[in-house]
Amino acid sequence: MIPTRTIQLDNISKSYGDTHALTSTNLIIHKGERVALIGPSGAGKSTLLSILSGAIQSDTGLYSLNNENILSLSTKQRAESVGIIRQQFDLVGPLKVVHNVLSGHLGRWGLIKSLLSLIHPFALNDAREALARVGIENKLFELTSNLSGGEQQRVALARLFVQHPKVVLADEPVASLDPARADQIIKLLVELTHEGEQTLVASLHSIELAKKYFSRIIGIKDGAICLDKPSVQLSEKDLQLLYRLEHPHV
């Protein structure tokens, strides 16, 4: 059976002034793949994920999501196609957990229904089920700002569960967590996306987590893909070349 192409980038480039964040990037990711992006800080990983999410547009090239130009997709279609979780969680602290979780429906509901849901939450069972899946169903009506960092990350995962996009993007989702909690969150993220038959693309600083939970690893350096291979084939030499400083400071 021929794998289904979920993401296809053809000659994608993005610059900010004189800084080339991405240069002539070509990439194909198939449905259901678990892909980890690794590389030095400032290599272009976040820019790539922002383009994949539709948050920013590339300067050149074509981005096809599920065989459609992402620029042709409506807001609702994008919400159904791709979702992202970031290091900052993108949660509203003063709101109760239930409202942050149900914001995963924003793309489907539209603004008016979403605002009304702040008064009387719609789809309450969706929030309960999502929080149960991530192990914090007892936090439904707590203020989000009162939760720990790990609990807030679980709220962000529950929101993604409610949104249920075909592609899940994660931009350094556990950088602010200790190693034990980071392992728990990545394990949970991989399990949830596998159960939902979703494609997962995550940028990680931890090579250990990338190799442990992801089947494919893509290395990015200076705005370009410099390695792309199954995680079991990742070598120490690959990592030395990827993270080597060209002009180390004394």
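**View 1. Gln153 is a buried residue of the predicted model.** With a relative accessibility of 0%, Gln153 counts as buried (buried means under 20% relative accessible area, with a 1.4 Å probe and protein chains only). Gln153 sits in helix H7; helices (H or I, at least four residues) and strands (E, at least two) are DSSP runs, numbered from the N terminus. Contact means heavy atoms within 4.5 Å. Not counting residues up to four places away in sequence, Gln153 touches Ile85, Arg86, Phe89, Pro173, Val174, Leu177 and Ile185. Gln87 is 66 residues from Gln153 in sequence, and their C-alpha atoms are 8.5 Å apart in space. The model is predicted, with local features needing pLDDT of at least 70 and side-chain atom pairs counting only at pLDDT 80 or more, while totals for chains, interfaces and linings use all residues. Residues are numbered from 1 along each chain as its sequence is written, and side-chain values use heavy atoms, with hydrogens and water left out.

**View 2. The largest pocket has a volume of about 690 Å³.** On a 1 Å grid over the protein atoms alone, a pocket is an open set of points with protein on both sides within 12 Å along at least five of seven lines, a cavity is a set where a 1.4 Å probe fits but cannot get out, and lining residues have an atom within 4 Å of a point. Grid points are joined across faces, edges and corners, and a volume is the space filled by probe spheres set on the points. Of the 27 residues lining the largest pocket, Ser103, Gly104, Leu106, Gly107 and Arg159 lie nearest its centre. Helix H5 gives the largest share of this lining, 5 residues. The lining of the largest pocket has 12 nonpolar, 12 polar and 3 charged residues; Ala, Val, Leu, Ile, Met, Phe, Trp, Tyr, Cys and Pro count as nonpolar, Asp, Glu, Lys and Arg as charged, and the others, Gly among them, as polar.

**View 3. The largest cavity holds about 60 Å³ of space.** The whole structure has 1 cavity of 30 Å³ or more. Residues lining the largest cavity include Leu157, Phe161, His164 and Leu192. H7 and helix H8 (179-195) each supply at least two residues of this lining.

**View 4. Val101 and Phe214 touch the most other members of the largest nonpolar core, which has 47 residues.** H8 supplies the largest share of this core, 7 residues. A nonpolar core is a set of buried Ala, Val, Leu, Ile, Met, Phe, Trp, Tyr and Cys residues joined through side-chain atoms within 4.5 Å.

Terms used. Buried < 20%, exposed > 50% of the residue type's maximum accessible area, 1.4 Å probe, protein only.
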